[in-house]
Amino acid sequence: MKLSLLGATGAAALLALLSANAFAGGKTKIDFWYGNSGDISKRVQEVCQHFNESQKDYEIVCTSQGTYAGAVQNTIAAYRAGQQPTIVQVFDVGTLDLMLSDAYYPASKLMADEGYKVDWNNYLPGIRGYYATSKGEMYSFPFNSSTALLYWNKDAFQKIGKTEAPKTWEEAAADMKALKDAGYACPLGFNISADESWQLLEQFSAVNDQPLATKDNGYGGLDAELVFNKTKFVQYVTDLKSWYDQGLAVLKSKESGEEMVPAFASGHCQMILTSVGDHGTIGRTAAPDMHWSVAMLPTYAGIERKSSLVGGASLWVLQGKSKDEYKAAAAFLNFIAQPEQALFWSTVTGYIPVTKTGYDFMVEKGFYKDPKYQGREIAIASLTASDKLSQTHGTRLGGFLQIRNEVANGWQAIFANKVSVQEGIDQMVERGNGILRRFEATYKGKQLP
Amino acid sequence: MEKRTLFTNKGLGIALVVPQVLLIFTFFYWPAGQALYWAFTLERPWGGGNEWVGTSNFTQLLGDPVYWNSILTSLIFAFSATVLAMGVALTMALLVDRELRGFRVYRTVLVWPYAIAAPALGVAFRFILAPEAGFMAYLNHAFPGLWNPALNGAQAMIAIVIAYVWKYIGYNFIFFLAALQAIPKSLIEAAAMDGSGLLRRIRDIQLPLLTPTIFFLVVINLTDSFTDSFGIVDLMTAGGPNRATELMVYKIFFDGFKGLDYSGAAAQSIILMLLVIALTVFQFRFLERRVHYK
């Protein structure tokens with residue numbers, strides 16, 4: 001425990017240094033680390049700038065760490081050295097790691113301590129359901145949020161006499177066949193890397209009301225076990241494989257030379273499944289005369305659709321800061337929750353508003369009527385498709401990036417005909433359970449909140 | 001006669017050594033010690049507790065066929081990369097050493113690839129070797145299904161070996177060329193006058209005199225291919241398809257930094273370190289005997 005002692009003295013020394021530093025110029029300065037890069041990073045900087053211009057007491061310094069995983073890694077390293085930022089953005093599946101640490105200041109407590117009244121029920125149910133603890137408490141602030149949608153090329157569908165996107169996978173299969181017969185080389189573009197676990201396994205299971213794991217997908221405890229080798233997911237992979245073998249579904253990856261989003265935007269593929277966050281990119285890069293739209297992910301016939309999952313990240317406030325820094329953090333978090341900020345944020349990115357008031361404000365301002373943004377309301381509809389939360393309202397499983405990697409490895413074995421579909425999925429589950437058990441052992445004695 | 005300088009001032013000697021020792025301690029022994037400690041515990045990423053688990057991290061790894069697969073892929077990668085990178089570099093150096101027309105240009109140009117960072121290299125080769133775009137797309141057009149590293153594991157391995165070798169050829173080339181130029185021309189000329197041909201001269205004069213360089217490069221190349229390959233793997237294949245390119249160093253990176261399994265990654269890096277040390281010891285014990293230094 002030498003390390004924590006070292007960390008503690010380091011933190012104390014740094015705190016003294018910071019608090020001397022923090023009041024330079026009369027403003028309290030806080031750090032905010034996030035993982036977005038490129039265009040989205042510029043937008044985050046704009047939000048920070050708006051906050052700094054909106055008041056005189058606080059200054060937030062926002063720094064991109066390159067990737068979501070990078071933001072978490074760097075924050076862990078900084079936290080161990082006692083130099084953590086006040087606010088950090090943590091991606092959806094990293095939520096569990098934070099919850100089990102002693103590193104955070106719960107969002108609900110922070111806002112209460114600083115005298116802000118937050119109506120947590122104002123957050124869209126699908127979003128709240130994902131980030132809340134099993135008891136419904138919010139420890140972090142949902143920030144950039146998205147969900148998966150089906151993107152479809154209207155021009156191509158018109159050629160096969162359809163004006164609507166398929167609602168079921170049975171219908172989608174028939175459409176793919178018709179598109180192929182009409183001469184389209186790639187009716188459905190998809191990929192099988194670890195990233196696609198999100199839409200092909202997690203989102204699929206949510207909208208089709210299939211569990212990923214026992215114990216309420218892990219919300220109920222660290223001893224959850226994966227079960228998706230016994231659900232509708234098996235049929236889904238079987239179908240994907242057979243569509244792939246028939247040339248109806250085509251693998252589009254960076255290894256193959258063209259990723260699916262550019263493949264859709266350039267008209268090479270007629271359908272893809274991806275995040276609403278790509279809506280802006282496709283709008284900017286697609287040919288102006290290409291007609292396309294988005295729809296909710298298809299379900300299997302006879303299944304009552306449930307809400308899809310929220311993806312993206314939330315903002316966590318970390319321990320070990322001064323009272324003034326927490327005041328500044330609360331002011332910033334309060335600022336970004338304002339409806340005007342939701343409108344700005346959703347306009348410049350493809351992300352959705354996270355609160356009901358934000359959404360209502362955007363509807364009122366006519367955002368969804370603008371042809372440029374048309375279709376983005378479908379993301380909200382998809383997230384709120386069922387009144388009751390589906391049994392898979394989220395994923396709270398340890399080592400989930402490693403599990404996604406197992407899923408990708410299983411798919412790659414299946415699609416290279418090395419193993420049968422069932423064998424491949426059994427392997428994903430078996431190895432995934434090994435990761436869960438290791439995670440459970442690491443946090444032995446810890447209670448999941 | 002050998003000249004020796006004797007330092008009588010012990011304090012000065014120690015003072016001069018201390019900064020170096022401190023640096024090595026901070027950047028090598030301390031982290032290595034930390035890794036060793038973590039390898040025998042289960043470390044929580046955010047701190048706040050770690051439990052002593054003895055050797056269970058190691059037994060878990062060594063009982064996992066996936067881990068053995070990653071050792072095997074690492075060995076395949078290291079040996080094929082070393083043989084190729086050194087073989088091609090040696091051939092080029094021998095050709096350039098003959099002072100063919102324009103050899104000064106080659107001499108400079110062939111060194112450049114080593115200066116390119118692994119990520120840039122990975123991206124470039126991803127494009128060059130992508131089955132649907134770039135150069136390989138033409139081949140695939142002529143012979144459909146010929147090349148697809150996205151699903152074919154052996155081809156993915158070939159792709160990362162090519163990218164890695166391309167970088168290290170430049171490095172090996174400088175050493176080979178320098179060593180070749182240090183061989184007295186009179187030896188070569190004398191052999192030529194005695195009527196030995198080009199290949200004979202290479203085999204009997206140049207190669208034996210190159211053995212110290214070859215030995216040095218084998219050690220460096222093997223070590224580097226175990227430890228310096230993860231940038232290329234990360235960008236080109238991410239360890240796939242189906243673990244075909246999951247090298248040990250990439251698995252450490254993935255489990256430790258992405259999966260936040262610090263203890264598992266620490267145990268893996270200990271195993272990797274032992275493997276590299278064993279290989280190096282082996283080379284010094286057995287290969288060095290065949291080196292002619294003078």
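How much area is buried between chain A and chain B, and what percentage of it do carbon and sulfur atoms give? The buried area (the accessible area, 1.4 Å probe, that two parts lose on being put together, summed over both) is about 3700 Å², and carbon and sulfur atoms give 53% of it.

The model is predicted: local features need pLDDT of at least 70, side-chain atom pairs count only at pLDDT 80 or more, and totals for chains, interfaces and linings use all residues. Residues are numbered from 1 along each chain as its sequence is written, chains are lettered from A and ligands numbered from 1 in the order in which they are written, and side-chain values use heavy atoms, without hydrogens and water.

**View 1. The interface of chain A and chain B.** Contact (heavy atoms within 4.5 Å) involves 41 residues of chain A and 41 residues of chain B. Of the area that chain A buries against chain B, 19% is supplied by A:Arg80, A:Glu255 and A:Arg438, more than by any other three residues.

**View 2. Salt bridges between chain A and chain B.** The count is five salt bridges, each a side-chain nitrogen of Lys or Arg within 4 Å of a carboxyl oxygen of Asp or Glu. In the one formed by A:Arg80 and B:Glu43, the closest N and O atoms are 2.4 Å apart.

**View 3. Helices H9 and H18 of chain A.** The axes (lines fitted to C-alpha atoms over the stretch in contact, with angles from 0 to 180 degrees between N-to-C directions) of H9(A), residues 197-207, and H18(A) come within 11 Å and cross at roughly 105°. H9(A) is therefore roughly perpendicular to H18(A), a term for angles of 65 to 115 degrees. Among the residues making the contact are A:Trp198 of H9(A) and A:Trp411 of H18(A).

Terms used
Helices (H or I, at least four residues) and strands (E, at least two) are DSSP runs, numbered from the N terminus. Angles under 35 degrees count as roughly parallel, over 145 as roughly antiparallel, 65 to 115 as roughly perpendicular and the rest as oblique.
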